[in-house]
Amino acid sequence: MIPVVDLRAEYGLVQADIDAAVQRVLESGWYILGKEVAAFEEEFAAWCGVSGAVGVGNGTDALHIALRACGIGPGDEVITVAHTAVATAAAIALTGATPVFVDIDPATYTLDPAGLAEAITPRTKAVIPVHLYGHPADLGAILPIARKAGLRVIEDCAQAHGAEWQGQKVGSVGDLACFSFYPTKNLGALGDGGAVVGNDPALLERVRLLREYGWKPENRYVSEIEGMNSRLDEMQAAILRVKLAHLDGWNEHRRRLAAVYAAHLPDSVVKPVERPGYRHVYHLYVVRSDNRDGLQKKLRAAGIASGIHYPVPVHQQAAYRHLSPVSLPATEQAAAEILSLPMHSTLTEAQIERVCAAIAA
Ligand SMILES: *Cc1c(COP(=O)(O)O)cnc(C)c1O
């Protein structure tokens with residue numbers, strides 16, 4: 001079976017270095033928010049091209065904390081897409097604010113700027129563009145709309161470590177940006193992890209306070225503001241430091257594989273696009289077919305796994321259906337047609353040729 005992702009194989013690429021990093025943490029006697037986390041925060045901020053990074057428990061918490069750092073809460077509206085991991089909407093709802101869903105650009109699967117402009121009300125405080133599948137949202141159009149309306153821009157970079165817009169890495173563009181290090185992501189821990197990054201020292205300071213009960217480092221056990229507990233642990237930070245050194249190479253590998261897909265896939269499926277001025281990092285390689293379910297079944301029979309990210313748009317899920325009576329035609333059509341083909345750091349060109357031959361057949 002050719003799997004969609006292969007986490008064991010990725011560990012194998014860096015096994016000796018990860019084992020050594022884990023051993024170093026085990027013997028240090030310090031397991032939460034220590035030297036490894038501080039070093040990873042510094043290295044990851046430099047890699048993103050921002051002034052600071054704050055390690056947190058996971059990507060959902062990163063979004064929740066970033067929203068709260070921007071002062072967003074009950075009574076506020078936050079605009080985002082329904083074609084995303086449910087985490088994006090969950091993080092907004094956890095602050096007490098209301099997620100407002102707008103449609104997507106069907107070519108890139110990211111937030112449609114025209115929909116954003118129409119959805120803004122006096123209660124709108126922020127927009128979360130999601131750089132879905134590894135292609136940045138249309139930041140060139142979104143930023144001026146958000147600035148004019150006085151909205152905070154919080155980037156959801158959970159699927160886009162290393163993606164670029166106009167030569168700038170995503171995560172360095174908005175007021176704050178949020179990453180997940182869930183094991184399957186382009187930069188994945190061997191457990192949960194996340195980070196909030198940015199360039200505004202005051203916002204980053206609030207993120208640091210919110211991460212651990214509103215405590216200042218020099219005044220532990222005394223809360224300045226109401227915070228939560230969402231800490232990155234030393235083991236995950238040490239593992240992430242090992243993998244960060246390989247991330248550029250792994251993203252290049254994903255881009256090479258995408259080129260092989262593009263050269264061999266038949267015209268019966270719609271291939272992903274990379275807009276001029278953007279750098280796609282192919283967290284997922286998603287094609288469209290009007291016979292998606294049939295295609296998925298045939299691939300499975302040929303020993304090829306595939307996925308659907310995501311089968312039910314958030315505005316149609318029981319938990320969030322009450323929020324938005326709108327219909328989102330491009331989102332709903334995408335959900336019915338998308339299929340994620342195998343894409344990961346140890347996939348080979350020969351395997352992709354097998355996938356493409358099976359689709360053509
Ligand atoms: C994975 C993901 C998240 C959430 O990250 P977790 O670490 O799983 O909480 C948020 N947004 C998007 C787009 C994601 O893919």
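How far does a polar side-chain atom of Asn 58 lie from an oxygen atom of the ligand? The distance is 3.5 Å in this predicted model.

View 1. The ligand has 390 Å² of accessible area on its own, and the protein covers 90% of it.

**View 2. The shell around the ligand.** Around the ligand are 14 residues; Gly 59, Thr 60, Asp 156, Ser 180 and Lys 185 come nearest. Five shell residues are nonpolar, seven are polar and two are charged. Helix H4 (59-69) and helix H5 (86-94) each contribute at least two residues to this shell.

**View 3. A cis peptide bond between His 309 and Tyr 310.** Omega is near 15 degrees for this bond. Tyr 310 sits in the loop that links helix H10 (292-301) and helix H11 (329-337). Most peptide bonds are trans.

**View 4. Two tyrosines with positive phi, Tyr 221 and Tyr 282.** Most residues other than glycine have a negative phi. Tyr 221, in strand E13 (residues 219-223), has phi near 75 degrees. Tyr 221 counts as exposed because its relative accessibility is 65%, and exposed means over 50%. Tyr 282 has phi of about 45 degrees. Tyr 282 lies in the loop between strand E14 (278-279) and strand E15 (285-288). Its relative accessibility is 8%, under 20%, so Tyr 282 counts as buried.

Technical notes:
Residues numbered from 1 in each chain as written. Predicted model: local features only at pLDDT ≥ 70, side-chain atom pairs only at ≥ 80, totals over all residues. Heavy atoms only, no water. Near = heavy atom within 4 Å. Polar contact = N/O pair within 3.5 Å; in protein donor to acceptor, adjacent residues only side chain to side chain. Areas by Shrake-Rupley, 256 points an atom, 1.4 Å probe, with all protein chains shown as cover. Helix = DSSP H or I, 4+ residues; strand = E, 2+ residues; numbered from the N terminus. Nonpolar A, V, L, I, M, F, W, Y, C, P; charged D, E, K, R; others polar. Buried < 20%, exposed > 50% of the residue type's maximum accessible area, 1.4 Å probe, protein only.
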